[in-house]
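User: Please examine the model shown below and answer my questions about it.

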Amino acid sequence: MLSSGERLFLLQAASVIVPEAARLDAGSKEEFLRIIERALETRPVAMQRQFKMLLRLLNLAPVFYYGRTFDTLETQKRREFFSWLQGGPIGLLRKGFWGLKAMVFMGYYGQPEAASTVAYAPSKEGNEKLEKMARV
Amino acid sequence: MQEKQFDIVIIGSGAGGGAAAQELSGLCKDGVRIGLLEWGPKFRESDYTGQELEMAQKLYFDGGGVLTKDKSMTLAFAKAYGGSTVVYTGTSLTILKETVARWGVPGITWEDLKERSKKYISQNNVHLLEEDKINDNNALFRDGCRKLGYRVEQFPVNVKGCQGSGMCNLGCPNAAKQGTHRVQLPAAEKNGVQVVTSCKVERIGDRVLEAVVADAGVGHPSAWAPGRYRVRAKVIVVAAGAVNSPALLLRSGFGRSLPALGRYFTCHPALILVGQHEKPITNYYGHPKSFYSDHFAESGHFLLETCMYFPFTTAKNLAGFGPEHSRFMSRMDLLQMILVLAIDEAAADNRISVDGSGNPVVDYTLTSATLDSLYESMKVCAKIFFAAGAAAVHAPAGKKFLIKAEEAGRLDEFITRDELKTGKVSIAAAHLMGGCRVGENSAGSVTNVWGRVHGVPWLYVADASLFPKAAEINPYVTIMAMADRSAEDIRRRAPQLLN
Ligand SMILES: Cc1cc2nc3c(=O)[nH]c(=O)nc-3n(C[C@H](O)[C@H](O)[C@H](O)COP(=O)(O)OP(=O)(O)OC[C@H]3O[C@@H](n4cnc5c(N)ncnc54)[C@H](O)[C@@H]3O)c2cc1C
Ligand code: SF4
């Protein structure tokens, strides 16, 4: 359901939002996109449309600042642009950027394998582990 | 369309619907036919995998991220046999006397709600966890509050055989949390209530409703085959939650005679705040929520609770992105977390409406008073984290991503009100209340003090939507108490309603 342009934008945005995303292997990148697609599929149609519009808008908006679209900017400029969106005066853009960030975090940290990279190892028997750690 | 007939139909099986089903089920022995229609499926034990995204998609509406109309906040509520009690943390508090006084509804007394709450507290095995089950994340909050002289209490929780997986909000994988799916619904079914899952009620007419059963693709199959149903009943009890109950009544046309329908929605807008320790602490092992502080409830209109979230939820609740965000996220074992709940005013303009297709729209504006509370809470929490020994604190309205312990004396400089911007700061809510508020007449409320819809003698509400104002504490026990009142009125009027 995501077009190739939208997929490319999401991957480029991801490598700014979570720098490690740039180093994901092809399979994990595919999984990243699949998670986002699946989440979108379960959302109301109006929201799916708005998200796609947001991606298009965010790719075009840097033209007004840098004279270039997001996909042609270097990483530092992409980061500056996102920082401006996040803290800027336009509420709609801040919220839109939050939506983009949430999707990127979902695609990245939502992969079960991500848990081991963030020192997070929950267990169904957490109390047992707690007890063992208290004894150490 | 297939036809079905009951004497009483309950819509929704969460805290309210589950309590109502149990309290009405005694009528079954006199031949009263009771049905409960629940949109969500009944999950199998093997469905509770503890995987964050998988469970969020299975259990919650919009994966737990239902957006308000202005997109400033997300709402979490579940769709399942057991409703949001499947995903709640199970902290079980009785409403405060002062809150009921503030509600100011003649006929609703604290003494009455307290008595009814006692029953559910006892049924749900509510107790305090032993000291050896308290992890560092919880103990540090308690110790930090005590050092600062803030009042702090242990949460009573409703667990039986808790293994401390910390996965309460993903559905308990150890069948320990005593939600309505474990206690009240099985009791009701045993007494003869028929529960039909994966069944969405679309509209209510005069003692009739239209519903659709669809294959949920997960959990136990529904008692009814997929398809459309017309269900007749002499009494209809709406317990679809604070978003869906008003929406269902609005799309059924009840808004014409009930101007307050959908209005006065409150939700305890919440922030997740995070401190970072130098050395690993125990946080994801053990029950996640053991302490709370209501020290600032009166003066600052916010409550503080311990919490521990999963990687994606944590990541999206931090303001910022890029290398410093990633570095912070990469050591979840260092993180201490506090959940802030703002006590929001009930405003007529904060309301549930429906769009052209009849779907709910949550039109909620965060007032400056609520934002002020959230702002103050960030500074208070930073003090608690530092008092507990944290090396750094992330304040979403911070001028920088991390405030270091040596900067603890400069919180006013680093955390400023103008940085608390919607969108930049992630705000979410899980205590959804109001929309069908109780009251004296149809001008300012939807039901009478027994949950009976004004002017419609066969129609009741029995869930969080009844709240006239915010609960000012974790609400589920009070929701059950309010539903208990609705059920009592139906029982009292049964001879007249059911003949
Ligand atoms: C993550 C989380 C943690 C929480 N932790 C706590 C806690 O520790 N302590 C506490 O006191 N509270 C807690 N809460 C809040 C508490 O769970 C809710 O306030 C409570 O469950 C609401 O009860 P309810 O009956 O109003 O609605 P719900 O429990 O949400 O139940 C409503 C049910 O109605 C169904 N439904 C909706 N529309 C329809 C329809 N059209 N047809 C058929 N069925 C329908 C839904 O699928 C749902 O199952 C938490 C909530 C969440 C989300
Ligand atoms: S912490 Fe206890 S109650 Fe919560 S999910 Fe784990 S076992 Fe269940």
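User: How many residues of domain 2 of chain B does domain 1 of chain B contact?

Analyst: In this predicted model, domain 1 of chain B comprises 2-61 + 76-125 + 168-264 + 432-497, and domain 2 comprises 131-156 + 268-345 + 367-421; these bounds come from an automatic or database domain assignment. Contact means heavy atoms within 4.5 Å. By that criterion, 17 residues of domain 1 of chain B meet residues of domain 2 of chain B, whose number is 17.

User: Which three residues supply 32% of the area that domain 1 of chain B buries against domain 2 of chain B?

Analyst: Because the model is predicted, local features need pLDDT of at least 70 and side-chain atom pairs count only at pLDDT 80 or more, while totals for chains, interfaces and linings use all residues. Residues are numbered from 1 along each chain as its sequence is written, chains are lettered from A and ligands numbered from 1 in the order written, and side-chain values use heavy atoms, with hydrogens and water left out. The two domains of chain B bury about 1,400 Å² between them, 62% of it on carbon and sulfur atoms, where buried area is the accessible area (1.4 Å probe) that two parts lose on being put together, summed over both. The 32% share, more than any other three residues provide, comes from B:E52, B:L93 and B:E472.

User: Which residue pairs with B:E298 in a salt bridge?

Analyst: A salt bridge is a side-chain nitrogen of Lys or Arg within 4 Å of a carboxyl oxygen of Asp or Glu. The rule finds one salt bridge across the interface of domain 1 and domain 2 of chain B. At 3.3 Å, N to O, the side chain of B:E298 meets that of B:R102.

User: How much area do chain A and chain B bury between them?

Analyst: The contact draws on 43 residues from chain A and 52 residues from chain B. On the chain A side, A:W98, A:Y120 and A:K124 supply 18% of the area buried against chain B, more than any other three residues. With 62% of it on carbon and sulfur atoms, the area buried between the two chains is about 4,000 Å².

User: Which helix of chain A gives the largest share of the side that touches chain B?

Analyst: The rule finds zero salt bridges between chain A and chain B, whereas 21 residue pairs are in polar contact (both at pLDDT 80 or more). A polar contact is a pair of N or O atoms within 3.5 Å; within protein, one must be able to donate a hydrogen and the other to accept it, and residues adjacent in sequence count only if both atoms are side-chain atoms. Helices, which are DSSP runs (H or I, at least four residues) numbered from the N terminus, that each supply at least two residues to this side of chain A include helix 1 (4-17) and helix 6 (91-109). The largest share, nine residues, comes from helix 6 of chain A.
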